[in-house]
Amino acid sequence: MCGIAGWVGGPPVEDGDRVAAAMAAALTHRGPNGQGRMALPGATGGWMSHSRLRILDLSDAAHQPMAGRGGGVVLVFNGEVYNFRELRRELQRRGHAFTSSGDTEVVLRAYEQWGPSCVERFEGMFALAVWDARRGELLLARDRTGKKPLFVTTDADGRTSFASEIKALARAPWVRLSCDTSRLPSFLTFGYVPHPATLYEGIDQVAPATVVVVDAATGRRRSQRYWSPRPTRRIAPGGSLREEIRRRLQEATQRRLIADVPLGAFLSGGIDSSVVVALMSRAGAAPVRTFAAGLVDEASFDERAGAREVAQALRTDHTEFAVRADATALLDRLVWLHDGPFADSSAVPTFLVAEAARSAVTVVLTGDGGDEVFAGYQRFAAAALSRLVRPEVAALARPLLRRLPAGGGYHDPRTRLERFLETAGLPLEERYLRWVSVFERELVEALTGGDGAAPDPAASLLEALGEVADLPPVDRLLHANLLTYLPGDLHVKVDRMTMAHGLEARSPFLDTSVIELLAAVPARHKVGFRRIKPLLRDAFGPLLPEAVWRRPKHGFGVPMDLWFDGTLGEAFADEVLGRDGRLVELLEPAAVGRLLREHRDGSARRGPQLWTLLTLERWLRDLHGPEPLREPGGDPVRVVA
């Protein structure tokens, strides 16, 4: 796992070596084991740079940037291609020779053999850049679900720059950072800006499963999507499906155990991570190293007991950490790591458990993607049930619901029922949008003043739903979730929080063969009501303690409502609503202030929304500072008992 950066085209850059080195240095956390850079042949002063995390082939033979035969093709690569050994054998049969044993040279030779279409053969997670001097073109590409990030910008001089993180782009003197205010409604809705846009003006993401080819002479880009999870067939449940799920997930796990460094797993005690650890235990002789963390100040957010039970059953080498997270102290570092504001507060415990795991291993397997592939999110069951709830019944239930106390725990029933009942009678697309939104449409309009010129925040969701318009409603939601929330939120959080510590995270559930198999199974067979994830249970039930299958669904969250009752609420009042607040220059001050008042008087619990705005405020302050996206000084405070 690594960080990549570079540029091509435009006028020659004075002192290009220094700029390339600065871009690589900004990505040291992604690749702490060494850096490399190279002037590109025939690129009018273009350069590529690389920060390396050694995972496969620890020798200098795998050093990057890596040039092909004759030097006309140059590669920088971030990620892992799990089927590199099979591809290597095929390339050798075609006459290619290798001087290294890892996957980077396989990627290079694959491009030399098949050109841009080589990415269709890769099974793994990757972001890569290839300079082809023969064609005068730069190729940029990302893996199918967007696990690895890649950003690109072209300036007025026609120079195209790219990097794994925007902070590396910021080290190039010709890149100017500014907020794209037209994207604020999208960010407030989802907590992220849907690809290919970003919250930065003029900076785009390479979309998942997409190849972008840049003409270095003109800066013009052409894009092509090379994969879609849209099902091409339909599969009914049965014994053959059960066996196929077992086989594909076991093979996906085994592929992700290839490493030349210590390897372990995150273990929450939930279904997905427990299944992965069980499959790891099957595949190896030594006990699996597992890691869990829990917030000791709020019992409903502490996962250690469940993880401990699974670890004992599977006989893993288990380490757990009791965490008292100081979110205020971590805030600046988390904003820096995300290159901007972020809404998903589970980044806090993810950061902490990744830091703890890195003290013992360099690679972890995770259960990420299990909810996307096996329909584990409660919103999918809610979508199926909501079609049966008549609006008049929901109207009668709402007054009774208000009599329940509002709590701050993870399983707070009032919060969940309110979100379910308030959408009764709306079209399915609108109900789902409200369930996944940080701020509802009405609040977004109140905060932004209802700017009609901004892009519709729902556009990305509607586009994804439209791709599978012929499928049943819940099937469409599953497809859209895979194309939007997974790359926009989950992948961003896991990539940034693990790479913050030079830790690589691998996800067996997101193996292409697993995704495509389950996409072919109708949603009605995947969504569980009495039993969560029935297909996964059918395939792997005996591997895990029965308590795991009975345990309520539990995300990796933090008690944000409770935190904003205390110090975070004070920070919000001082910074966002203070005299020098930046956010109220872009949003309606009265609407922002009302959110904090409602939280404090108990009329609404606004913790996640206040957190989103507080991170936005911190980012805006940094953006207007003397050196935007510079790493914050000092070591962030975190107490681990």
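Which residues does Thr 362 touch, not counting residues up to four places away in sequence? In this predicted model, the list is Leu 53, Ile 55, Val 261, Pro 262, Gly 502, Leu 503 and Glu 504.

- You'll find Thr 362 in the loop between α10 (347-358) and β16 (363-365).
- Thr 362 has a relative accessible area of 9%, and buried means under 20%, so Thr 362 counts as buried.

- Most peptide bonds are trans, and most residues other than glycine have a negative phi.
- Keep that in mind for the next two groups.

**Cis peptide bonds**
- Going from Gln 64 to Pro 65, the peptide bond is cis, with omega near 0°.
- Pro 65 sits in the loop between β3 (47-52) and β4 (66-67).
- The bond from His 195 to Pro 196 is cis too, with omega near 10°.
- Pro 196 belongs to the loop between α5 (184-190) and β10 (204-205).

**Positive phi without glycine**
- Asp 15 isn't a glycine, yet its phi is positive, at about 60°.
- Look for Asp 15 in the loop between β1 (2-8) and α1 (16-25).
- Is Asp 15 buried, partly exposed or exposed? With 42% relative accessibility, Asp 15 is partly exposed.
- Asp 339 isn't a glycine either, and it has a positive phi of about 60°.
- Asp 339 is part of the loop between α9 (327-338) and α10.
- The relative accessible area of Asp 339 is 4%, so this residue is buried.

Key: Residues numbered from 1 in each chain as written. Predicted model: local features only at pLDDT ≥ 70, side-chain atom pairs only at ≥ 80, totals over all residues. Heavy atoms only, no water. Helix = DSSP H or I, 4+ residues; strand = E, 2+ residues; numbered from the N terminus. Buried < 20%, exposed > 50% of the residue type's maximum accessible area, 1.4 Å probe, protein only. Contact = heavy atoms within 4.5 Å.
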